[in-house]
Amino acid sequence: MRRRALLAAGLPLALPTLSSPSPAPWNAPRTASQALARLTEGNRRFVEGRTRHPHQQPRRQHLLASGQQPFVITLGCADSRVAPEILFDQGLGDMFDNRVAGNIADDLVTGSIEYALEHFQPPLIVVLGHERCGAVAAAAGALTTTAMPDHVSILVQHLRPAVEAALGRPGDLVANAVRANIALQIRCLHRSPVIGSRARNGQLYVAGAVYDLDTGEVRFV
Ligand SMILES: [Zn+2]
């Protein structure tokens, strides 16, 4: 990704440049900036209706039968409209997806991400929120009601700090809470010793992004 594009995306100029120790037998991004560029280009194709559906042929499937080297780990919402491979126009073996309503980095999800980091050493994690997230809206609604199913309340507990952080900010509460939640989950991930140490060593970059349901655009925040 070029300097101007990084600045436009609000990303730091100094991104990790270390290579993965075991290169994939295909042209996988090796640095965070390369990975971000791959995702940005794929999302642009998606927005403009020029998707290529890469890496979905039988040859790719057969290559992957003996191993994988995803270049990015995603933590996204389970929302049916926010499927990472589709939004970023990627394919099999490209993305190690973790999806749960509200894109929450609880212990199970963090363990899943740590597993992927230990085994595949991708240079990038993307925490992917989206507009009008139902889970975040439920957490906002829970400020004024206590009636909700047992396990939904567990989601709400995880999202409540993001909603509270967004209270009082100008604009739409849910939209602001979606962004606050992305920042919150990134902080949670950095508390993992596995993730935090890699990030501090420059081996890993944890990015936040918001998917626009109306335009199809993913904006890194
Ligand atoms: Zn959602």
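Me: It's a predicted model, so let's be careful. Is Cysteine 77 buried or exposed?
Reply: The cut-off for buried is under 20% relative accessible area. Cysteine 77 comes out at 4%, so by that cut-off the call for Cysteine 77 is buried.

Me: And Cysteine 133, buried or exposed?
Reply: Cysteine 133 has a relative accessible area of 1%. With buried set at under 20%, Cysteine 133 counts as buried.

Me: Which residues coordinate the zinc ion?
Reply: Two of the donor atoms are SG atoms of cysteines and one is an NE2 of a histidine, at 2.0 to 2.3 Å. Water is not among the atoms, so sites may look incomplete. The residues here are Cys77, His130 and Cys133.

Me: How many residues apart in sequence are the parts that the cysteine pair ties together?
Reply: Cysteine 77 sits in the loop between strand S1 (72-76) and helix H4 (84-87). Cysteine 133 is in the loop between strand S3 (124-130) and helix H6 (134-141), so the pair links parts separated in sequence by 56 residues.

Me: Zooming out, how many helices and strands does the protein have?
Reply: From the N terminus the elements run α-α-α-β-α-β-α-β-α-α-α-α-β-β. The count is 9 helices and 5 strands.

Me: What share of the 221 residues counts as buried?
Reply: The protein exposes about 11000 Å², with carbon and sulfur atoms supplying 53% of that. As for residues, the buried share is 48%.

Notes: Residues are numbered from 1 along each chain as its sequence is written. This is a predicted model: local features need pLDDT of at least 70, side-chain atom pairs count only at pLDDT 80 or more; totals for chains, interfaces and linings use all residues. Side-chain values use heavy atoms; hydrogens and water are left out. Donors are N, O and S atoms within 2.8 Å of the metal (3.2 Å for Na, K and Ca); water is not among the atoms, so sites may look incomplete. Helices (H or I, at least four residues) and strands (E, at least two) are DSSP runs, numbered from the N terminus. Buried means under 20% relative accessible area, exposed over 50%, partly exposed in between (1.4 Å probe, protein chains only). Accessible areas come from the Shrake-Rupley method with a 1.4 Å probe; for residues, only the protein chains shown count as cover.
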